[in-house]
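This report covers selected features of a predicted model. The sequence and structure come first, followed by the notes.

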Amino acid sequence: MQSNDFMKISLAHINDLNEIMEMYKSCVSGMEKHKITQWDKTYPNKDVIKNDIILKTYYIAKNNNLIVGGVNIDQKEDVAYQNIKWEGRQQESLIIHRLAVRYNFWKQNIGYKLMLHAENLTKEKKMSYIRLDTYYDNKIAIKFYEKLKYKKLGYIYLKPNKYRYYCFEKKIL
């Protein structure tokens with residue numbers, strides 16, 4: 001478990017599932033207020049997050065015992081990732097999925113601390129890169145990843161009813 005001032009980051013447990021889904025509901029509400037259409041009421045869903053928890057790849061950020069953020073960190077790349085010219089194509093990488101922060105905690109460095117946790121995990125596992133994608137209209141996330149020195153390397157199409165997702169990569173080791 002990592003402690004950051006008022007916040008703790010740890011692996012999620014199945015009994016955290018309902019509160020995690022409330023956090024996503026809050027995050028999606030904030031995204032909608034900012035005209036971001038990446039997620040909706042159907043995704044991320046309870047089955048996806050439950051599976052992440054079972055696989056022990058889902059991390060939560062807690063502030064005073066309230067789940068304020070979460071992220072899945074694993075090595076599963078969507079098949080569409082094969083179309084990107086990754087700088088670290090030959091090296092093992094961790095992949096960020098479903099990074100979210102409870103809306104009323106936006107701009108409090110929760111996302112930054114979760115990403116820092118992911119980068120530390122990458123180092124611990126002696127992997128060289130982190131990869132992720134975000135939807136084209138999620139300007140907040142795009143700016144966030146660029147500020148953290150992630151390189152935008154191209155785009156992919158993940159869902160039939162969605163436009164492009166930008167792919168990012170950062171060398172860690």
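## Helix H4 and the residue after it

Just after H4, Lys149 adopts a positive phi of about 75°. Helix H4 itself spans residues 139-147, and its buried residues are Ala141, Ile142 and Tyr145.

## Nonpolar cores

In soluble globular proteins, nonpolar side chains tend to be buried together. In this model the largest nonpolar core has 28 residues. The residues with the most contacts inside this core are Ile73, Ile96, Ile110, Met115, Tyr145 and Tyr150. At least two residues of the core are supplied by each of strand S2 (7-11), strand S3 (58-63), strand S4 (66-74), S5, H3, S6, H4 and S8. H3 gives the most to this core, with five residues.

With residues up to four places away in sequence not counted, Ile73 touches Thr57, Tyr59, Leu94, Ile95, Ile96, His117, Ala118 and Leu121. One of these partners, Ile96, is also listed among the residues with the most contacts inside the largest core.

## Salt bridges

The model has five salt bridges. In one of them, the side chains of Glu77 and Arg131 meet at 2.3 Å, N to O. Glu77 lies in the loop between S4 and S5 while Arg131 lies in strand S6, so this pair ties together parts that are 54 residues apart in sequence. Glu77 is partly exposed, with a relative accessible area of 34%. Arg131, in contrast, is buried, with a relative accessible area of 3%.

Arg131 also meets the side chain of Glu169 in a salt bridge, at 3.0 Å, N to O. This pair links distant parts of the chain, with Arg131 in strand S6 and Glu169 in strand S8, 38 residues apart. Glu169 counts as buried, at 3% relative accessibility. Through shared partners, salt bridges join Glu77, Arg131 and Glu169 into one network. Another salt bridge is formed by the side chains of Glu119 and Lys170, at 3.0 Å, N to O. Here too distant parts of the chain are linked, Glu119 being in helix H3 and Lys170 in strand S8, 51 residues apart. Both Glu119 and Lys170 are buried.

## Ser128 in the loop between H3 and S6

Ser128 is placed in the loop between H3 and S6. Although in a loop, Ser128 is buried, with a relative accessible area of 15%; the cut-off for buried is under 20%.

What does Ser128 contact, leaving aside its neighbours within four places in sequence? The contacts are Gln91, Glu92, Thr122, Lys170, Lys171, Ile172 and Leu173. Of these, Lys170 is a residue of strand S8 and the salt-bridge partner of Glu119.

## Gly111 in helix H3

Gly111 is a residue of helix H3 and is buried, with a relative accessible area of 12%. Leaving aside neighbours within four places in sequence, Gly111 is in contact with Val101 and Phe144. Gly111 and Asn83 are 28 residues apart in sequence, and their C-alpha atoms are 27 Å apart in space.

## A nonpolar surface patch

Which residues form a nonpolar patch on the surface? They are Tyr155, Tyr157 and Tyr163, which together have about 320 Å² of accessible area. Tyr155 lies in strand S7 and is partly exposed, with a relative accessible area of 38%.

How values were computed
Residues numbered from 1 in each chain as written. Predicted model: local features only at pLDDT ≥ 70, side-chain atom pairs only at ≥ 80, totals over all residues. Heavy atoms only, no water. Buried < 20%, exposed > 50% of the residue type's maximum accessible area, 1.4 Å probe, protein only. Helix = DSSP H or I, 4+ residues; strand = E, 2+ residues; numbered from the N terminus. Patch = residues over 30% accessible without salt bridge, like charges linked within 9 Å, V, L, I, M, F, W, Y side chains within 5 Å. Areas by Shrake-Rupley, 256 points an atom, 1.4 Å probe, with all protein chains shown as cover. Salt bridge = Lys/Arg side-chain N within 4 Å of Asp/Glu carboxyl O. Contact = heavy atoms within 4.5 Å. Core = buried A, V, L, I, M, F, W, Y, C linked by side-chain atoms within 4.5 Å.
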